[in-house]
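Subject: Structure for you to look at

Hello,

Please find the structure below, with the sequence. My notes come after it.

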Amino acid sequence: MNTLHAVRASRIALAIVALTALSTAHAVDYSGYFRGGPGLTSKNTSRACYHLGGPAITAGLNYRLGNECDIYGEFQIDQKYKADGVEYSGTIMVNSYTNATDNPGSNGLAFEQLYGEAKGLDVLPEATFWVGKARGRRGDVHIVDQFFVDMKGVGTGVKGISLGSGKLGVAWYKTDGTVDATLLKQQPGNRLNVEVLGLNANTDGKANLFFTATKGDFDGGTGGFGATLRHDQAKLFGTGISNTLWLQYAQGSTSLEANFGDLTRKSSAKSTRIVESINWQTGAFGGQAIALIGTEEDNNKVKTTASTIGGRVSYAMTKNFKLLVEAGHSQYKPQGGTTAKLDKLTSAPTLAIGPDFWSRPEFRFYFTSAKWNAAAGNVTGQASLASKTPGNSAGAPIEWWY
């Protein structure tokens, strides 16, 4: 660890110790997540993972079982107490990411969240007020490691205001922006998020609405707008299947994820995305599946289309042993260009604390096989595989949340 990382880590450790020291007077809750483990591809090649690049509508999307070459952990402490009828809480979360099995060049420890909340204030007793660096509202499909709503950032807001059968939340976020590589200047911006959660839509169904507006606060900065409808359906067609449908639209400097996008992106640039995801657990058989289709236009109205379909199934052979199988097909096509394709299949005998799909921790032993076409480029990033289109990997990772 270099000197900068050492100093950062020591400061974070001191902050955590200070918060933990208060536990003698008030309740402290601990939670976290981590994943990692060894893996291999072939002689003279670092472990390879297979990720299709392409447009922002699928950025970061990958079928993650047996397809994560990193080590990641996040660790959270929540300090809660009550005074004069008001419930207060403070949250500290640190995380660390290494993009390889064991890389001294990791980003060390960093603050992922650092915020405070208060609920029960007499001006609006039902609502929760917050300020700081927080993840805000999020919504993902676990098997592809993708958050389709991700309202994280530094801001302030209020949530939990009664609105019919739902709850209203409003938040303002500020970014100082990144330094433009050419002009060497900051690109700050502002963002407004509005959410309405849990509206009664139909039997066992809830509608959730997310609205976003962004503005680059610098010369050349642009505005943007986005909207998402998420419908959550329990007991689909009277079965044990749950279903989530996302309908998303964004233009200009707003991302589809209800966050900042490119703060110089023009209003003529638009993105759309439809995501369908199901979850189930019937006896020993559980799983999750996804289908996605989306379009993206750049500032010159050049369109790219993208899609993916796949799923992971879990079958418990005993209480602590299950077999996982995951398959996925992804592709994208630039206007006037060639379709890039990637197929990935993983099987993973797994030891777990319980037989359900969501039971963790899981100790996995996987074999992954992938195939892609020339238009997809080098989906592994490994120089030794630059001229290849198939690949195989194996490994033994752990995934744990608590």
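What follows is a short account of the contacts and strand pairings.

This is a predicted model, in which local features need pLDDT of at least 70 and side-chain atom pairs count only at pLDDT 80 or more, while totals for chains, interfaces and linings use all residues. Residues are numbered from 1 along each chain as its sequence is written, and side-chain values use heavy atoms, with hydrogens and water left out.

Disulfide

The structure holds one disulfide (a pair of cysteine sulfur atoms within 2.5 Å). Cys-49 and Cys-69 form this link, with 2.1 Å from S to S. The two cysteines are 20 residues apart, and each sits in the loop between strand S2 (39-40) and strand S3 (71-83). Strands here are DSSP runs (E, at least two residues), numbered from the N terminus. The link of Cys-49 and Cys-69 is right-handed, with 105 degrees about the S-S bond. Both Cys-49 and Cys-69 are buried (under 20% relative accessible area, where exposed means over 50% and partly exposed lies in between, with a 1.4 Å probe and protein chains only).

Gln-76

Gln-76 lies in strand S3. Gln-76 counts as buried because its relative accessibility is 13%. Its side chain makes a polar contact of 2.9 Å with the side chain of Asp-78, and another of 3.3 Å with the side chain of Gln-113. A polar contact is a pair of N or O atoms within 3.5 Å; within protein, one must be able to donate a hydrogen and the other to accept it, and residues adjacent in sequence count only if both atoms are side-chain atoms. Not counting residues up to four places away in sequence, Gln-76 touches Asp-29, Tyr-30, Ser-31, Thr-91, Ile-92, Met-93 and Gln-113 (contact means heavy atoms within 4.5 Å).

Aromatic rings

There are 10 aromatic pairs in the structure. One of them is Tyr-33 with Tyr-72, a tilted pair at 6.3 Å centre to centre, with 45 degrees between the planes. Tyr-33 belongs to strand S1 (residues 27-36) and Tyr-72 to strand S3, 39 residues apart. Rings of Phe, Tyr and Trp (its six-membered ring) pair if their centres lie within 6.5 Å; planes under 30 degrees apart count as stacked, over 60 as edge-to-face and the rest as tilted. Tyr-33 is buried at 10% relative accessible area, and Tyr-72 is buried at 14%. Ring pairs join Tyr-33 and Tyr-72 with Phe-357, Trp-358 and Trp-401 in a cluster.

Arg-191 has its charged end over the ring of Tyr-173, 3.9 Å from the ring centre. Arg-191 also lies over the face of Phe-260, at 5.0 Å from the ring centre. For this, NZ of Lys or CZ of Arg must be within 6 Å of the ring centre and within 35 degrees of the ring normal.

Strand pairing

Two strands pair if DSSP finds at least two bridges between them. Strand S13 (residues 223-233) runs antiparallel to strand S14 (residues 242-252), with 10 bridges; Phe-225 stands opposite Gln-251 in S14. S14 is in turn joined to strand S15 (residues 270-282) by 10 bridges, also antiparallel, and Leu-247 has Ile-274 as its bridge partner there. S15 and strand S16 (residues 285-297) pair antiparallel over 12 bridges. Their hairpin has two residues between the strands, and Gly-283 takes a positive phi near 60 degrees.

Regards

Methods:
Helices (H or I, at least four residues) and strands (E, at least two) are DSSP runs, numbered from the N terminus.
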